[in-house]
Amino acid sequence: MSKSVKIALAGNPNSGKTTLFNALTGSDQYVGNWPGVTVEKKDGILAGHKEVIIQDLPGIYSLSPYSIEEKVSRRFLVEEGPDAILNIVDGTNIERNLYLSTQLAELGLPMVMAVNMMDVVKKNGDNIDFEKIARALRCEVVGISALKKDGDRMAAEKVVEMAKKSVVEKGPGKLPDVPHVFSGSVEHAIAHIEESIQGKVPARSIRWYAIKIFERDREIIKKLDIGVGEMKHIEEHIRDCEKELDDDAESIITSQRYEFIQNLMSKALTKSEIRKNKATLSDKIDRIVTNRILALPIFILSLCVMWWLAVAENGPGTILTDWANDGFLGDGWHLPFTTHECREEGKYKGMEFEDAQGEFAKQDASKTAWEEAYLEKVNEGKSDEEKVDEMPEEIDEKVAATIVAKGVFVEDEETGEPIAKECDCEKCAAKRDAGDECEGCGCGCGEPDLWDVDFAAYKEAAEWEEPDPGQFGVWVPGISALITDALDRAGVNDTVKSLVNDGAWGGVATVLGFVPVIFIVFLFLAFLEDCGYMARVAFIMDRLFRKFGLSGKSFIPMIVGKGCGVPAVMAARTIENERDHRMTVILATFIPCGAKTVIIAMFAALFFREQWYVAPMMDVVGIAIIVLGGIALKKTRFFAGEAAPFVMELPAYHMPTITGIWRHTWNRLKGYMLKAGLIIFPACVFLWFVMHFDFGFNLLEDEQIEQSILATVGGWIAWILAPLGFGTWQGAAASVSAEIAKEQATATLGLVAANMEGASTAAHITNLFGSMSDFPKLAALSFMIFNLFIPPCMVAIAVTFREMGSKAWGWIAVGFQLFVGYVLALSVYRLGVLFAGGGFGIWTAVAILVDLWCIWMIVRKGSGK
Amino acid sequence: MKLAEMKEGERARIVRVSGEEAVKRHLGALGFVAGTIVRVVGESYGNMILAVHESRIAVNDATAQDVEVANV
């Protein structure tokens with residue numbers, strides 16, 4: 001087997017590295033329009049060259065370690081030594097990009113420079129002389145456009161060729177030709193340093209090491225273990241230079257590099273005069289978007305737009321969700337543009353499907369109302385044993401003739417399901433309360449619209465059969481319908497049916513039902529990130545974040561956290577300062593992630609359809625916790641001190657490409673759906689078992705669910721949640737299982753509520769919260785808040801522990817998050833109950849006291865440095 | 001003159017960068033070295049967006065205080 005060739009892809013952040021990597025390796029890594037997207041090194045095989053490994057390094061500005069990414073890249077380039085470097089350079093900003101290139105060249109590795117975005121350079125009317133750059137930096141230079149896939153293959157072939165040649169030639173004594181960019185006295189000092197470290201470092205990179213020592217790079221000096229006497233000698237040379245040039249060694253190197261580049265560029269770059277120093281379109285957008293008055297409203301508005309798209313009533317998200325739940329995953333759906341009125345002879349002829357369903361529901365309600373009245377009449381005066389609860393085959397005509405039921409067809413508030421209902425106007429209700437029969441709406445209240453259902457009307461109503469959807473267009477059966485069908489045909493018993501329907505499929509379907517919402521949120525985020533706006537958000541938030549001791553950079557992990565907490569916690573690595581880093585890790589997951597969005601979406605749909613603001617409020621609450629939590633943490637001695645200064649490159653705005661957005665969205669969505677399969681599916685099956693068996697492993701009937709393992713274990717911890725308004729075993733089971741993955745909360749709720757009253761899962765869950773508290777909406781809000789703001793899922797907790805650096809710090813993070821989630825839910829529920837007239841109890845007092853303590857922690861004077 | 005004192009749209013030449021060493025190093029890599037021309041693209045409560053070479057760099061107000069500039 002031939003030896004593999006390693007090629008490192010290095011360049012500035014946002015210079016098109018990942019785009020080039022994807023083009024060369026055929027992978028689909030996500031490309032972002034902000035610095036710091038690639039946090040860890042990624043390997044890929046060069047398409048068409050099985051032996052060539054391309055290594056995508058995090059974007060860096062320099063080989064002097066400032067951020068963790070720069071450290072990762074530098075260590076890799078210097079210590080692991082790839083066979084060649086493919087240096088990607090942004091042609092539209094070539095001077096700044098060459099700063100890194102000069103340093104890469106000094107490593108003495110074979111290097112090809114790919115000048116990217118040549119299409120834009122040409123469009124701008126600029127001209128770059130590759131020959132001159134190649135000669136000055138002693139490397140090959142190729143013009144490419146990674147996005148348009150122009151020239152990228154050629155650059156790759158060239159670097160492979162060079163790498164293979166160097167593998168062959170790699171022998172002792174042959175020193176590479178590296179550029180000399182500094183002035184006489186500096187070069188003199190560097191030459192001296194080179195002499196004294198000879199043999200201690202790889203010969204080809206000796207110049208790079210020498211320059212680092214000149215810069216007094218602590219890491220390198222420590223690693224090389226230079227003797228005290230030797231170091232003193234070197235130090236003298238450095239001091240001489242500093243004295244002569246009246247600057248510190250590091251600044252001398254930086255300035256002279258730029259001088260060298262400017263010199264080179266004055267010869268190699270011809271800029272079109274027209275564009276010089278003019279405000280670009282990006283600048284004009286920034287003047288509005290980062291404007292001191294408009295910046296925050298624009299940001300909040302964009303959040304609201306996202307939520308409107310995702311969860312607002314009649315918004316695209318809701319329409320898609322309804323289709324997914326009831327149609328695709330549920331009973332079935334009509335293919336668009338195939339629907340028509342019923343053409344078949346019969347009761348429904350000429351009706352549209354929805355009208356037909358409504359008509360049937362109305363008739364069905366009449367039928368049910370009359371049957372109830374009939375059974376009541378027949379059972380009058382009979383003992384419990386004699387009572388019948390089903391309609392007899394033969395209806396007693398005599399009895400039937402005396403019955404006139406009062407039918408009202410109304411829609412269930414929460415579920416929209418049609419139900420039959422008695423008149424509940426005040427007069428009728430008063431009569432009923434007094435024990436009198438309500439006489440129907442002779443009371444003149446006018447509504448609800450009652451009608452008489454006598455025997456004739458009943459017989460007419462009973463003739464209506466459920467409309468066949470196939471008569472109204474091309475009907476595609478939903479997955480639930482298909483599964484039920486298949487099970488029926490297989491003739492399996494009820495337990496298996498329940499396992500499949502309620503356990504395995506039910507849970508997964510609940511989670512998959514939210515794919516449309518997640519999709520819209522991810523799509524919107526992808527758009528904001530790819531167009532460049534997200535980097536501005538970090539800038540906008542810096543002012544606010546600095547008030548509680550974090551920089552705007554901490555906001556980037558929080559934006560990433562909107563998608564998923566795991567990469568968010570990892571993205572915090574871009575924060576240089578350890579204290580800022582830890583605090584960001586603790587706070588980042590308070591932003592509701594994609595999985596928590598599922599919980600929000602469910603509760604918004606079930607309980608807060610009229611309160612559209614509840615969903616975006618959860619993001620605002622997340623930010624508020626971060627701000628207030630940050631202030632409080634900053635005042636403890638662990639986190640006291642100023643935040644690191646904010647310095648960040650803002651990429652130019654650009655219109656994202658559809659493929660880019662799609663790749664980005666799909667990558668995240670794929671992860672979400674895989675999770676539904678790999679985690680939620682087994683979790684649901686497990687939950688079904690603990691719900692349907694007791695500790696003696698006896699299979700339980702549906703009514704015996706209270707004896708199940710889940711109910712028993714849930715009961716043990718339910719008391720902890722009792723002050724929050726959902727302290728039942730169902731609430732406990734849902735909250736605990738949500739630690740597997742947050743969206744599991746919705747799946748578990750669906751499972752544990754399955755034997756509640758109601759025609760659909762939605763109704764079951766609504767009724768479940770109704771059974772928990774006299775204030776179901778508040779209990780639901782409390783449950784949602786609790787699950788959003790306690791520690792994230794297990795995976796994110798594990799990453800948090802890793803990134804915090806120690807177990808103790810990990811526990812501090814998780815403990816803080818638990819405290820916040822609990823106190824928030826407690827306060828919302830207890831104070832909500834108090835304002836809703838539910839009275840003042842011991843827990844109300846506790847909530848107020850803890851809140852006061854929190855306020856004190858926030859407003860008190862800090863313990864200082 | 002300090003960079004922080006500049007107004008939106010103004011241009012100046014960097015004279016000297018001071019402040020914490022690591023930050024100074026990072027600013028240097030981004031092009032903040034003596035001789036470079038900067039232009040203020042936007043300013044919000046002291047935080048600034050600056051044009052340096054062809055890139056846009058956002059800095060907070062304290063950092064803008066650490067950069068000495070002179071009129072072009």
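Modeller: Of the 865 residues in chain A, 46% are buried. Keep in mind that this is a predicted model. Chain A holds 36 helices and 14 strands, and its C-alpha trace spans about 120 × 65 × 60 Å along the principal axes. If you take the contacts in chain A between residues at least 6 apart in sequence, 70% of them join residues at least 24 apart.

Chain A splits into four pieces: domain 1 (5-169), domain 2 (184-271), domain 3 (353-472) and domain 4 (517-859). For domain 1 and domain 2 of chain A, the C-alpha centres are 24 Å apart, and 19 residues of domain 1 are in contact with 19 residues of domain 2. On the domain 1 side, helix H3 (94-106), strand S6 (127-128) and helix H5 (130-137) of chain A each give at least two residues.

Now to the spot you asked about. The contact between the chains takes 33 residues from chain A and 30 residues from chain B. H11(A) brings the largest share, 5 residues. The class count on this side of chain A comes out at 11 nonpolar, 11 polar and 11 charged.

S14(A) is worth a slow look. Strand S14(A) is joined by 4 bridges to strand S4 (residues 55-59) of chain B, and the two run antiparallel. To find the pairing on your screen, pick Val647(A), which stands opposite Val59(B) in S4(B). Follow the sheet across and you get 6 strands in the order S14(A)-S4(B)-S3(B)-S2(B)-S1(B)-S5(B), an open sheet with antiparallel pairing. S14 of chain A and strand S5 (67-71) of chain B stand at the edges with a single partner strand each, so one side of each has no neighbour in the sheet. From one strand to the next, the twist averages 40°.

At the S5(B) end, 5 bridges link strand S1 (residues 11-17) of chain B to S5(B), again running antiparallel. Val17(B) has Val67(B) in S5(B) as its bridge partner. Chain A also meets this sheet through a helix: H12(A) packs on the sheet and touches strand S2 (37-44), strand S3 (47-52) and S4 of chain B. The direction of H12(A) makes about 30° with that of S2(B).

One more stop in chain A is a helix pair. The axes of helix H13 (residues 295-311) and helix H14 (residues 316-328) of chain A come within 3 Å and cross at roughly 25°. That angle makes H13(A) roughly parallel to H14(A). Where do they meet? Leu309(A), Ala310(A) and Val311(A) in H13(A) meet Pro316(A), Gly317(A) and Thr318(A) in H14(A). The residues of this contact divide into 4 nonpolar and 2 polar, with no charged ones.

Note on methods:
Residues are numbered from 1 along each chain as its sequence is written. Chains are lettered from A and ligands numbered from 1 in the order in which they are written. This is a predicted model: local features need pLDDT of at least 70, side-chain atom pairs count only at pLDDT 80 or more; totals for chains, interfaces and linings use all residues. Domain bounds come from an automatic or database domain assignment. Two residues are in contact if their C-beta atoms, placed from the backbone, lie within 7 Å. Ala, Val, Leu, Ile, Met, Phe, Trp, Tyr, Cys and Pro count as nonpolar, Asp, Glu, Lys and Arg as charged, and the others, Gly among them, as polar. Two strands pair if DSSP finds at least two bridges between them. Axes are lines fitted to C-alpha atoms, for helices over the stretch in contact, and angles run from 0 to 180 degrees between N-to-C directions. Angles under 35 degrees count as roughly parallel, over 145 as roughly antiparallel, 65 to 115 as roughly perpendicular and the rest as oblique. A residue is buried if 20 or more other C-beta atoms lie within 10 Å of its own, exposed if 12 or fewer, and partly exposed in between; C-beta atoms are placed from the backbone.
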